[in-house]
Amino acid sequence: MSDESAEFTRRKFLGAGSAAMLAVATAGVAAAQQEEKKVPRSPDHHLPNETDPGPKNAAIEAENPSAVWGVDTDAGQVPPFKYPFAMARKRLESGGWTRQVTVRELPISKSIAGVEMRLTAGGVRELHWHVSSEWAIMLYGKARITAVDAQGKGFVSDVGEGDLWLFPPGVPHSIQGLGPDGARFLLVFDDGNFNEFETFLLTDWLTHTPREVLAKNFAVPGATFERVPKKELFIFQTGLPGELKQEQAQVAEGTSGAPARMDFKTSTMKPTKATRGGEVKIIDAKNFPITTIASAIVTLKPGGLRELHWHPNADEWQYFIGGKGRMTVFVAGGHARTMDMEEGDVGYVLQSNPHYIENTGNTDLVFLEMFRTPHYQDISLAEWLAHTPALLVDQHLNVGEQMLKAIPKEESLNLPL
Ligand code: MN
Ligand code: MN
């Protein structure tokens with residue numbers, strides 16, 4: 001664009017400015033008013049304007065009562081912040097299967113991606129590495145994990161239900177299902193754009209390296225590599241591993257083993273906080289020094305509430321292990337949305353957006369809160385108000401200073417106390 005035409009465009013824009021801007025502003029106000037206008041509702045939704053002759057997806061609606069008849073306090077167009085793993089494509093291999101929920105499935109989830117994986121007894125997730133950190137929790141069965149750290153020191157361990165592991169970025173590793181029935185686990189990566197199907201695989205790399213270079217690298221004849229698979233193994237069936245102590249001794253030969261543990265036995269840890277409403281275990285760099293990903297494992301009793309709070313230092317990625325709940329996220333500007341969550345769902349809350357999670361089912365609600373930061377942080381509504389002058393808060397809320405002074409001085413995480 002020439003300077004002259006740029007100037008013309010600028011003038012035209014400025015000239016049309018006031019009228020256009022007034023129109024936009026008026027439309028904005030009209031839209032907001034329309035959106036917020038409260039229309040009477042009936043408790044059983046029988047009014048003529050509440051009926052729905054269909055078509056409708058009855059199964060999805062039954063799982064999402066807060067979407068069918070939104071909570072009265074919801075407002076505005078807040079994009080969805082959940083994605084069920086049940087909708088992700090399963091890749092089936094001889095030794096198990098896997099599926100993933102990334103930013104490509106759930107656009108809001110920019111900082112973290114998740115992968116579900118099942119390995120048979122003997123099934124191996126091929127030796128590989130990736131740019132992201134890998135955090136994991138075992139949800140069923142047992143597995144053998146191996147890794148070699150940046151100092152070239154080996155690590156081998158067996159993990160069972162509830163145990164975690166953390167492979168730092170670029171550290172090569174493997175996972176293998178053990179007897180009697182293999183393993184099922186969740187992997188969490190500190191990059192929403194992560195792709196489990198594009199990791200650096202041992203066989204894939206060697207297949208794409210000239211054989212004479214491999215021969216020179218190991219000082220052996222080229223024919224040694226004749227039987228290296230031509231296609232990636234990814235997840236494959238093979239025999240069970242050797243005895244744990246023997247494998248640990250073998251990988252430590254000449255160097256001693258990796259000094260930092262890459263696994264964490266959650267079962268040996270006391271809850272960080274327990275109330276009548278439930279309990280929380282917080283695992284971050286304080287008690288699991290190698291981790292670059294902070295986590296909270298929350299169990300909420302029926303009717304329990306993960307109290308109103310937000311996280312000042314990171315987005316929150318959630319995975320629901322069991323039970324039913326609902327979460328409202330307030331995104332400022334008068335906009336809020338409530339969604340229902342259940343087993344196998346991924347949820348996501350942006351940094352500093354306030355939220356709560358309520359157990360709406362009749363069994364325990366168990367879920368993970370995951371953060372792309374080594375240090376867990378939250379601020380609760382209760383602790384904020386408890387440590388602000390009561391007079392000032394009451395001038396905002398008119399709830400009475402007595403109520404404010406009675407708020408517990410330490411956050412509870414889960415309610416009731
Ligand atoms: Mn991995
Ligand atoms: Mn939270």
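How many aromatic pairs does the structure hold? The structure holds 13 of them, where rings of Phe, Tyr and Trp (its six-membered ring) pair if their centres lie within 6.5 Å, and where planes under 30 degrees apart count as stacked, over 60 as edge-to-face and the rest as tilted. One of these pairs is edge-to-face, because the rings of Trp 129 and Trp 205 have their centres 5.8 Å apart and their planes at 80°. Trp 129 belongs to strand S5 (residues 124-129) and Trp 205 to helix H4 (residues 202-207), so this pair ties together parts that are 76 residues apart in sequence; helices (H or I, at least four residues) and strands (E, at least two) are DSSP runs, numbered from the N terminus. Trp 129 is partly exposed at 25% relative accessible area, while Trp 205 is exposed at 52%, given that buried means under 20% relative accessible area, exposed over 50% and partly exposed in between (1.4 Å probe, protein chains only).

The rings of Phe 218 and Phe 225 are tilted, because their centres lie 6.0 Å apart with their planes at 40°. Phe 218 is exposed, with a relative accessible area of 51%, whereas Phe 225 is buried, with 12%. Elsewhere, Phe 85, Trp 317 and Tyr 319 form one aromatic cluster.

This is a predicted model, in which local features need pLDDT of at least 70 and side-chain atom pairs count only at pLDDT 80 or more, while totals for chains, interfaces and linings use all residues. Residues are numbered from 1 along each chain as its sequence is written, chains are lettered from A and ligands numbered from 1 in the order in which they are written, and side-chain values use heavy atoms, with hydrogens and water left out.

Turning to the metal, the manganese ion (ligand 1) is coordinated by His 128 (NE2), His 130 (NE2), Glu 134 (OE) and His 173 (NE2), at 2.0 to 2.3 Å; donors are N, O and S atoms within 2.8 Å of the metal (3.2 Å for Na, K and Ca), and sites may look incomplete because water is not among the atoms. Along the sequence, these donor residues follow the spacing H-x1-H-x3-E-x38-H. Glu 134 in strand S6 (residues 134-148) and His 173 in strand S9 (residues 173-177) are 39 residues apart, and the pair links distant parts of the chain. Glu 134 is buried at 1% relative accessibility, and His 173 is buried with a relative accessible area of 1%.
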